[in-house]
Amino acid sequence: MFLNRIALRNYRNYDELELDTSSGVNLFVGPNAQGKTNLLESIFALALTKSHRTSKDKELIGWEGSEAHIHGLVDKQYGAVKLDLMFSAQGKKAKINGLEQRRLSDFVGSLNVVMFAPEDLEIVKGTPGVRRRFLDMEIGQVQPGYLHTLQQYSKVLVQRNNYLKTLWASSGDKQGLLEVWNVQLADFGVKIIKKRKYFIQKLQQWAQQIHAGITAGTEQLTVTYKPSFDFEDETVLFDHFMLKLSQVKDQEIRRGTTLVGPHRDDLAFFINGKEAQTFGSQGQQRTTALSLKLAEIELIREEIGEYPLLLLDDVLSELDRNRQTQLIETFQSKVQTFITTTGLESVDLGKLQDAGIYHVLDGRVTR
Ligand SMILES: Nc1ncnc2c1ncn2[C@@H]1O[C@H](COP(=O)(O)OP(=O)(O)OP(=O)(O)O)[C@@H](O)[C@H]1O
Ligand SMILES: [Mg+2]
């Protein structure tokens, strides 16, 4: 799919913007604090009805006004779609071809994007929580039921933890309800673990191939699932989960918290057999995070039959020339790409066929 046109009104530092884009690479160049990230953010928001860097919608509204508008024309396989999203203090409104959508979830998915920004380095360097969030967001994009299961699991987890605390207070006398919580926890937990396992396998296949491409075959990336407890056979996963819970019961009561389950899962990344988080260079870690995000592009295509847009904020200059070139060549003929950079000197322009080059200055964009 392609975003042919984007228009903004009172969005962040853009009073008024109308921009026709190129179906290949779009390069936004400008000094710091001019609105490059804001522009990419607006495209992300049009796809997901929220920003990638804040959960406070109010921050998106330009300081001088009370509403922010994003308008986009999207070309899809089956035709053109007009999208409108409006943010105000009262909330947000979304329209598809002029028709207001009662539920935002009906609007999400009209435009698909994959964003890669500097903070995504944390997927490799950060805590397990960051990796779980990455995993959950990516699975959620392609499997609508997943996030709901995750919510149900979290609810049970909170209640079970509260119950464990009461058990400790009553010195473990009455444990009648623990079994009930265990069954629910394992029930939802097993569903999540299975989805994660399946998704990570696919992610691994694509990420490995893409990583090899970006590094011209010098690095082999492996992605592995690190569940909170080991299991060999998926068919007995539920029993295994229950067994694990019984083994840690005393410890859980003492600590008042649930010690096994998908809320303790993690992912590990290896480059040529060495753990990337510990041994990877900054550039290798960045390339790893990038390969994971780019794998998502292929996963989305598998799921919806079309390529999403790729948004690259401030990452090109961080990659060496070889990696830049490989990256661009991998996607340039199939994926519409939006790239920001502070200077063209760090970009290998020779590799960019018909790139649209735009200059961003103080909330204005010129070609
Ligand atoms: N709600 C808002 N209303 C008006 N201006 C805003 C709003 N939010 C942010 N800004 C302005 O937008 C500017 C930042 O824009 P942006 O983050 O897009 O910069 P950038 O071009 O990506 O810079 P860098 O190269 O440093 O990443 C800030 O200077 C800020 O003053
Ligand atoms: Mg920026």
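**Figure 1. Helices H6 and H11 are oblique to each other.** This is a predicted model, in which local features need pLDDT of at least 70, side-chain atom pairs count only at pLDDT 80 or more, and totals for chains, interfaces and linings use all residues. H6 and H11 (residues 321–331) pack at an angle of about 130 degrees. Their axes are 8 Å apart. The pair counts as oblique because angles under 35 degrees are roughly parallel, over 145 roughly antiparallel, 65 to 115 roughly perpendicular, and the rest oblique. Axes are lines fitted to C-alpha atoms, for helices over the stretch in contact; angles run from 0 to 180 degrees between N-to-C directions. Helices are DSSP runs (H or I, at least four residues), numbered from the N terminus. Ile210, Gly213 and Ile214 of H6 meet Asn322, Arg323, Gln326, Leu327 and Phe331 of H11. Contact means heavy atoms within 4.5 Å. By class, this contact has four nonpolar, three polar and one charged residues. Ala, Val, Leu, Ile, Met, Phe, Trp, Tyr, Cys and Pro count as nonpolar, Asp, Glu, Lys and Arg as charged, and the others, Gly among them, as polar.

**Figure 2. Helices H4 and H6 are roughly perpendicular to each other.** H4 (residues 128–142) packs on H6 (residues 178–214) at about 90 degrees, with the axes 11 Å apart. H4 contributes Arg132, Phe134, Leu135, Asp136, Glu138, Ile139 and Val142. H6 contributes Lys195, Arg196, Phe199, Ile200 and Leu203. The contact has seven nonpolar, no polar and five charged residues.

**Figure 3. Ligand 1 is surrounded by 17 residues.** The closest are Ala33, Lys36, Thr37, Asn38 and Glu59; near means a heavy atom within 4 Å. The shell divides into four nonpolar, eight polar and five charged residues.

**Figure 4. Backbone atoms make polar contacts with ligand 1 (pairs of N or O atoms within 3.5 Å).** An oxygen atom of ligand 1 is 2.8 Å from a polar backbone atom of Asn38. A backbone N or O atom of Gly35 lies 3.0 Å from a ligand oxygen atom. A ligand nitrogen atom is 3.2 Å from a polar backbone atom of Arg12. Taken alone, ligand 1 exposes 660 Å², and the protein buries 77% of that (Shrake-Rupley method, 1.4 Å probe).

Residues are numbered from 1 along each chain as its sequence is written, chains are lettered from A and ligands numbered from 1 in the order written, and side-chain values use heavy atoms, without hydrogens and water.

Key. A polar contact is a pair of N or O atoms within 3.5 Å; within protein, one must be able to donate a hydrogen and the other to accept it, and residues adjacent in sequence count only if both atoms are side-chain atoms. Helices (H or I, at least four residues) and strands (E, at least two) are DSSP runs, numbered from the N terminus.
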